[in-house]
Amino acid sequence: MDELDSEIVRLLQTNARQSNRELARQLGVAPSTCLERVRSLTRRGVIRGYHAEIDPAALNRSVQAMVSVQVRPLSRAVINAFKSSAAAMPEVLSVFVLAGGDDFLLHVAVQDLDHLHSFLLDRLSKRKEIVGFRTSVIFQQVHNTVPERLT
């Protein structure tokens with residue numbers, strides 16, 4: 001990625017809804033050049049898609065938590081099966097497979113603390129491969145929506 005590609009990525013992260021003409025104007029390049037660069041970034045997998053950022057509370061998910069999960073036995077089959085089943089749970093926003101003391105980190109969002117408690121007791125604790133989990137309730141979240149390339 002050169003400087004122009006990096007600037008395209010930065011500008012699209014700031015506002016992905018801007019037109020190609022507006023993006024080209026900000027970059028000081030021809031719209032055709034800008035369009036080809038964006039298409040190239042997409043083909044190369046740098047740009048993976050565009051999305052709307054939604055407030056979880058607007059979807060009746062005002063309580064969020066991170067749940068650290070340990071599974072046994074540690075095998076590819078168990079890890080892949082749990083990863084797939086956790087990702088399919090409607091309460092789960094993200095699934096992270098980890099190295100270290102915990103095997104997974106689940107980012108969950110639910111209506112309230114009672115629903116979080118039910119999720120933990122009725123969904124997670126009943127799974128035979130889970131040998132332990134810890135929950136941390138999220139009070140506030142700051143999300144960096146414009147990560148820059150590290151040099």
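Student: Is R134 buried, partly exposed or exposed?
Tutor: In this predicted model, R134 is partly exposed, with a relative accessible area of 49%.

Student: And which residue does R134 pair with in a salt bridge?
Tutor: The partner is D102, and the two side chains meet in a salt bridge at 2.9 Å, taken from N to O. The pair links distant parts of the chain, since D102 sits in the loop between β2 and β3 (104–110) while R134 belongs to strand β4 (residues 130–138), 32 residues apart.

Student: Why does D102 count as buried?
Tutor: D102 has a relative accessible area of 14%, and it counts as buried because the cut-off for that class is under 20%.

Student: OK, what about R123, what does it meet?
Tutor: The side chain of R123 forms a salt bridge with that of E91, with an N to O distance of 3.1 Å. R123 lies in helix α5 (residues 113–124) and E91 in the loop between α4 (76–87) and β2 (92–97), so this pair ties together parts that are 32 residues apart in sequence.

Student: Which of those two are buried or partly exposed?
Tutor: E91 counts as buried at 18% relative accessibility, whereas R123, at 33%, counts as partly exposed.

Student: How many salt bridges does the count come to?
Tutor: The count comes to 10 salt bridges. Some of them share partners, and in this way D2, D5, R37 and R44 are joined into one network.

Student: Why would such side chains pair at all?
Tutor: In general, side chains of opposite charge can pair when their charged atoms come close.

Student: Changing topic, where is T42?
Tutor: T42 is found in helix α3 (residues 31–43), and T42 is partly exposed, with a relative accessible area of 40%.

Student: And what separates the C-alpha atoms of T42 and T151?
Tutor: Those C-alpha atoms are separated by 21 Å, the two residues being 109 residues apart along the chain.

Note on methods. Residues numbered from 1 in each chain as written. Predicted model: local features only at pLDDT ≥ 70, side-chain atom pairs only at ≥ 80, totals over all residues. Heavy atoms only, no water. Salt bridge = Lys/Arg side-chain N within 4 Å of Asp/Glu carboxyl O. Helix = DSSP H or I, 4+ residues; strand = E, 2+ residues; numbered from the N terminus. Buried < 20%, exposed > 50% of the residue type's maximum accessible area, 1.4 Å probe, protein only.
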